[in-house]
Amino acid sequence: MADRDALFDKAGPPDERWLAEDLGKTFKLWVAIRDHLRAEYGPVTEEWKFYGAKYGWTLKTLRGKRNLFFFTPCQAHFRLAFAFSDKAVAAIERSGLPKAMIEELLHAKKYAEGRGLRVEVRTARDVEHVKTLIAVKVEN
């Protein structure tokens with residue numbers, strides 16, 4: 001595994017080599033999500049942001065000026081954080097996603113930017129769920 005301290009070093013964001021080492025087998029899942037985004041929705045912007053010594057680096061992914069999700073690398077997996085409007089939440093309820101995921105979203109605290117949902121990505125099935133969430137986000 002990559003040196004986890006690099007994720008919390010303000011000097012600079014993680015690079016592709018570090019991500020590949022730290023994410024291990026799940027790096028290919030991250031690449032699949034990025035490739036899907038570009039193929040289905042055109043260019044996206046990725047902005048690494050440093051959120052302090054406690055949280056480290058997070059990648060903000062945008063389509064135009066619209067925030068799609070935040071990517072946080074973890075050891076041997078990664079986490080994506082979404083915020084959904086009421087309209088998007090209603091679409092997710094009808095989406096066929098796992099009941100537990102829908103329940104988590106419905107019970108999430110509502111903020112100005114919407115209800116938050118964090119998804120840990122460890123398997124190809126998780127990638128398919130993320131693709132559904134991205135589609136709902138883009139369409140709503």
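Contact here means heavy atoms within 4.5 Å. The model is predicted, with local features requiring pLDDT of at least 70 and side-chain atom pairs counted only at pLDDT 80 or more, while totals for chains, interfaces and linings use all residues. Residues are numbered from 1 along each chain as its sequence is written, and side-chain values use heavy atoms, leaving out hydrogens and water.

Select Trp30 to begin. Leaving aside neighbours within four places in sequence, Trp30 is in contact with Leu23, Glu46, Leu59, Thr61, Phe69, Phe71, Phe78 and Leu80.

Move to Thr61, in strand β2 (residues 57–63). Helices (H or I, at least four residues) and strands (E, at least two) are DSSP runs, numbered from the N terminus. Thr61 counts as buried because its relative accessibility is 0%, the limit being under 20% relative accessible area with a 1.4 Å probe, protein chains only. Beyond four places in sequence, the contacts of Thr61 include Trp30, Leu37, Val44 and Phe69.

Now show the sheet. Six strands form an open, antiparallel sheet in the order β1-β2-β3-β4-β6-β5; strands pair if DSSP finds at least two bridges between them. Its edge strands, β1 (45–50) and β5 (110–111), each pair on one side only. Between β2 and β3 (residues 66–74), the antiparallel pairing spans 5 bridges. Finish at Arg63, whose bridge partner in β3 is Arg66.

Methods:
Buried means under 20% relative accessible area, exposed over 50%, partly exposed in between (1.4 Å probe, protein chains only).
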